[in-house]
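Let's take a walk through this model together, looking at a few strands and helices in turn. Here are the sequence and the structure.

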Amino acid sequence: MPKNVLFLTSDQQHWMTLGYLNPEVQTPHLDRLAKSGMTFHRAYTVNPTCTPTRASWITGQYPSTHGAYSLGTRLSEQVPTIGDALQRAGIFTGLVGKAHFQPLLSAEDYPSVEAYPLLHDLDYWKHHTGPFYGFEHAELARNHTDESHAGQHYALWMKEKGYENWREYFLPNPPQFRLPGDQYTASQHQRRKPGEAWEIPEEIHYNAWIAERTNTLMAKHARENRPFFLWASFFDPHPEYMVPEPYASMYDPAKVTVPCHTEGEFDDKPPYFKKALEQHPDFSAFAEPGGHGIHGAGSHLKSDEEKAKNIAAMYGMVTMLDTYIGKILDQLEALGLTKETLVCFTTDHGDFWGQHGLTAKAIHHYEDLLRVPLIVSCPGTVPAGIISDALQSTVDLAPTFLSMLDLPVPGSMQGVDESAVWRGERPSIREHVIVENRHQPTTMNLRTYINKHYKMTVHFRQSYGELYHLEEDPAEMINHWEDPAYAEIKSKLLLSFLYAEMEKEILPMPRIAGA
């Protein structure tokens with residue numbers, strides 16, 4: 001039985017960007033992790049955006065329950081987390097990298113420590129490493145590639161490495177983030193064109209920071225013989241796609257496969273799908289008070305040449321990510337902790353790089369966006385070399401981690417304990433998964449129900465919807481929502497969807513009396 005957990009995560013990674021599945025990309029370290037444990041090919045995110053999913057990882061709750069339902073919201077510190085439960089058991093909890101539990105701007109009623117200008121206040125971050133949402137120790141950053149959000153503990157580390165000019169590898173603050181008191185607003189750095197290398201030295205890339213600091217914390221608690229839960233939270237391969245050399249030149253754009261749109265495939269889809277292929281789409285009908293834009297609500301048109309350059313850069317990002325995950329796995333082995341540590345690798349959601357004519361994320365609930373890589377390993381506990389088609393949801397991670405450590409699962413958690421599947425004792429537990437996605441208060445609010453054979457997406461207060469027969473149509477080309485031949489199946493799935501929603505209700509305590 002494991003006594004430690006090593007949680008390794010990427011950001012916005014398509015489930016097919018692993019070498020053992022895709023010969024176009026090299027991921028030798030994640031491939032060896034897969035060989036040593038179980039990989040799940042039907043694992044799904046709980047939400048196709050960052051904040052809601054990451055909050056679900058640590059709370060075991062759906063976004064509609066923990067309250068951080070969309071980007072631009074914050075997770076309340078009052079919501080119980082896995083870290084709270086682990087610390088009660090005497091287990092060290094540490095996080096290095098991306099949290100994204102809070103927004104980039106603060107409000108009086110909703111303060112954020114991940115916001116401007118505080119994320120650039122390095123004096124503040126010198127003295128703040130926790131507690132943070134159940135993590136005893138947290139070292140944070142907030143930027144993807146060269147975004148101006150770079151700062152916090154990552155910036156302190158770059159300065160320690162002798163790079164007083166660290167700010168010049170990142171973009172200047174955009175206008176909405178030029179706030180009084182920000183010492184690091186300006187920079188001469190300019191955004192790179194698709195396919196161009198990021199000039200940041202590899203030694204101060206955030207992958208190096210995350211691996212180095214994770215390994216330092218791991219070694220410290222190994223010496224102290226204290227069980228640990230360590231989360232190494234990487235930022236790549238989230239767009240913008242860019243990476244330093246040698247990874248920037250590792251893949252030839254002329255040799256990558258560029259996915260494409262099939263003519264007519266949006267004809268039976270919700271009407272906003274076609275807007276993605278317009279040069280200047282109008283999404284004003286979705287605007288409403290309390291909304292702050294919709295990820296994915298814009299033009300997805302890009303040339304095949306640009307897509308190929310982006311894919312090559314993204315593959316380079318994945319290989320660099322894999323290299324630094326390898327350094328952490330090597331450290332675990334060198335410390336003799338492999339057999340007593342549960343290792344889990346996943347990502348917060350998938351990605352489009354041309355599939356169906358789409359790019360990035362987040363309002364088109366295709367498998368490319370909702371399905372995620374999930375690998376678990378613990379020699380002697382988790383069977384090796386197993387590829388499973390058991391349905392998994394990332395809302396299940398927190399309760400399953402606790403169960404694998406032989407700790408009780410709090411009643412506040414809605415996720416399913418998958419430990420019997422991870423140990424190889426049962427082939428599957430879940431009969432369905434639910435994916436929530438609420439970008440606007442009402443106008444862009446959708447939920448997806450997925451079982452072994454079918455996928456259904458319901459759009460709040462809309463007559464349109466989606467229904468796919470995944471076994472017969474894994475590419476999701478044919479929407480059966482309005483198909484008379486599927487009327488009975490649709491009716492049964494709607495009822496199953498309602499049952500599933502009722503099933504995930506929290507029961508915070510048992511009923512202890514008749515009245």
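Predicted model: local features only at pLDDT ≥ 70, side-chain atom pairs only at ≥ 80, totals over all residues.

## A bridge to begin with

Helices (H or I, at least four residues) and strands (E, at least two) are DSSP runs, numbered from the N terminus.

## Strand E15 and its two neighbours

Strand E14 (residues 445-450) and E15 run antiparallel and are joined by five bridges; two strands pair if DSSP finds at least two bridges between them. The two form a hairpin, with three residues between them.

On to strand E16 (residues 465-469), which also runs antiparallel to E15 and is joined to it by five bridges. Here Val 458 has Gly 465 of E16 as its bridge partner. E15 and E16 form a hairpin with five residues between them, and Arg 461 in that turn has a positive phi of about 60°. Strand E15 (residues 454-459) itself is mostly covered, with five of its six residues buried. Buried means under 20% relative accessible area, exposed over 50%, and partly exposed in between (1.4 Å probe, protein chains only).

In helix H1 (residues 28-36), the buried residues are Leu 30, Asp 31, Leu 33 and Ala 34. Seen down the axis of H1, they fall within an arc of 160°, so they line one face of the helix; the arc is that of the directions from the helix axis to the C-beta atoms. Their cover includes strand E2 (38-40), helix H9 (304-334), strand E7 (341-347) and strand E10 (374-377).

Helix H2 (residues 50-59) is largely enclosed by the rest of the structure, because ten of its ten residues are buried. Among them are Cys 50, Arg 54 and Trp 57. Gly 60 follows H2 and has a positive phi, near 70°.

Finally, have a look at Leu 498 in helix H13 (residues 487-503). Leu 498 is partly exposed, with a relative accessible area of 47%.

Methods:
Residues numbered from 1 in each chain as written. Heavy atoms only, no water. Contact = heavy atoms within 4.5 Å.
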